[in-house]
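Open the model in a viewer and keep the selection panel at hand. The stops below go from one selection to the next.

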Amino acid sequence: PEGGYSLIGEVKNRKKKFTLTEAKAFFAKASEVQKLEDISKTLVFVFSAGGFYKTAIDFFVANSMAWSEDKRFLE
């Protein structure tokens, strides 16, 4: 819609923490979707029930991505 945002997300419901390698791979995929679909405004987010390594969080911050490990997201 006019003035709206597209939401691009990844959900990991597992015990393993989300890694920097996974963060970079998802960011690359999300960027490709933005190009292919000609999307100008997006919110990119990751949910990981197992949490995140600090290096992944640092990458999210540097690339304006949102993240959460709050399990209420799954309710």
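Select D38 to begin, in the loop between helix 1 and strand 2; helices (H or I, at least four residues) and strands (E, at least two) are DSSP runs, numbered from the N terminus. The model is a predicted one, in which local features need pLDDT of at least 70 and side-chain atom pairs count only at pLDDT 80 or more, while totals for chains, interfaces and linings use all residues. Residues are numbered from 1 along each chain as its sequence is written, and side-chain values use heavy atoms, with hydrogens and water left out.

Most residues other than glycine have a negative phi. D38 is exposed, with a relative accessible area of 70%; exposed means over 50% relative accessible area, buried under 20%, and partly exposed in between (1.4 Å probe, protein chains only).

Next, select helix 1, residues 20-37. Its 18 residues should span 26 Å at 1.5 Å a residue, and the end C-alpha atoms are 26 Å apart, which agrees. The expected span is 1.5 Å times one less than the number of residues.

Within helix 1, colour E22, A23, F26, A30 and S31, which are buried. They cover an arc of only 165 degrees around the axis, which puts them on the same side of helix 1; the arc is that of the directions from the helix axis to the C-beta atoms. Now turn to the face away from this buried side, where the exposed residues T21, K29, K35 and L36 sit.

What do the buried residues of helix 1 pack against? Show strand 1 (6-12), strand 2 (42-48) and helix 2, which are their partners. Contact here means heavy atoms within 4.5 Å.

Axes are lines fitted to C-alpha atoms, for helices over the stretch in contact, and angles run from 0 to 180 degrees between N-to-C directions. Helix 1 and helix 2 are therefore roughly parallel to each other (angles under 35 degrees count as roughly parallel, over 145 as roughly antiparallel, 65 to 115 as roughly perpendicular and the rest as oblique). Show L20, A23, K24 and F27 from helix 1 with T55, A56, F59 and F60 from helix 2, which make the contact.

Keep helix 2 and colour A56, F59 and F60, which are buried. Viewed down the axis of helix 2, the buried residues fall within an arc of 100 degrees, so they line one face of the helix. They pack against helix 1, strand 2 and strand 3. On the other side of helix 2, K54, V61 and A62 are exposed.

The last stop is S64, in the loop between helix 2 and strand 3 (66-68). S64 is not a glycine, yet has a positive phi of about 55 degrees. S64 is exposed, with a relative accessible area of 64%. To finish, draw the C-alpha to C-alpha distance from S64 to K41: the two are 23 residues apart in sequence and 12 Å apart in space.
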